[in-house]
Amino acid sequence: MCRAVLTFNDRCATGVLDAFPRAGVPVPDEMSVVGFDDSRLALRAHIDLTTVGGDIPRLAELAVGRAIARMEAEAAPGPETDIVPRLVVRATTAAPRRALS
């Protein structure tokens with residue numbers, strides 16, 4: 001059985017990392033935890049959080065460009081742009097254990 005929690009950001013994941021051991025659930029032995037946004041918090045040595053990161057400066061650039069275009073009543077700049085996220089594996093995830101037959 002594979003057990004994992006994917007949170008909406010790294011700060012929420014750190015709360016999960018605090019709660020699971022208090023409840024007797026070892027991370028990552030019985031539960032993997034993954035954050036989202038690859039913040040500096042995820043890099044802290046005592047957290048070492050697996051997370052999903054993206055090109056935040058590029059996302060911000062695109063968002064601001066589109067907001068300015070809307071304020072100036074221009075058409076949206078070009079087609080949609082995909083920003084491919086990346087998985088940054090650290091210490092809060094483990095390979096799934098094989099199910100017993």
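Which residues does alanine 42 touch, not counting residues up to four places away in sequence? I looked this up in a predicted model. The list I wrote down for alanine 42 is Asp10, Ile47, Asp48, Leu49, Thr51 and Arg90.

**Entry: core**

I next looked for the largest nonpolar core and found Ala42 in it. This core has 10 residues in all: Ala13, Val16, Leu17, Phe20, Val25, Met31, Val33, Ala42, Ile47 and Leu49. I noted that helix α1, residues 10-22, gives the most to this core, with 4 residues.

**Entry: helix α1**

I checked the length of α1. The helix has 13 residues and reaches 19 Å from its first C-alpha to its last. That is close to the 18 Å expected at 1.5 Å a residue.

I then asked which residues of α1 are buried. They are Asp10, Ala13, Val16, Leu17 and Phe20. These residues lie on the same side of α1, because they cover an arc of only 105° around the axis.

I looked up what the buried residues of α1 pack against, and recorded β1, β2, β3 and α2 (40-43). On the face turned away from the buried side of α1 I found the exposed residues Arg11 and Arg22.

**Entry: sheet**

I traced the strand order as β1-β2-β3-β4, in an open sheet of 4 strands with mixed pairing. The edges are β1 (4-6) and β4 (86-88), each of which pairs on one side only. From one strand to the next, I noted an average twist of 20°. Helix α1 packs on this sheet and touches β1, β2 (32-36) and β3. The direction of α1 makes about 160° with that of β2.

I looked at the pairing of β3 (residues 50-53) with β4: the two run antiparallel and are joined by 3 bridges. Glycine 53 stands opposite arginine 86 in β4.

**Entry: threonine 50**

Technical notes. Residues are numbered from 1 along each chain as its sequence is written. This is a predicted model: local features need pLDDT of at least 70, side-chain atom pairs count only at pLDDT 80 or more; totals for chains, interfaces and linings use all residues. Side-chain values use heavy atoms; hydrogens and water are left out. A nonpolar core is a set of buried Ala, Val, Leu, Ile, Met, Phe, Trp, Tyr and Cys residues joined through side-chain atoms within 4.5 Å. Buried means under 20% relative accessible area, exposed over 50%, partly exposed in between (1.4 Å probe, protein chains only). Contact means heavy atoms within 4.5 Å. Two strands pair if DSSP finds at least two bridges between them. Axes are lines fitted to C-alpha atoms, for helices over the stretch in contact, and angles run from 0 to 180 degrees between N-to-C directions. The expected span of a helix is 1.5 Å times one less than its number of residues. The arc is that of the directions from the helix axis to the C-beta atoms.
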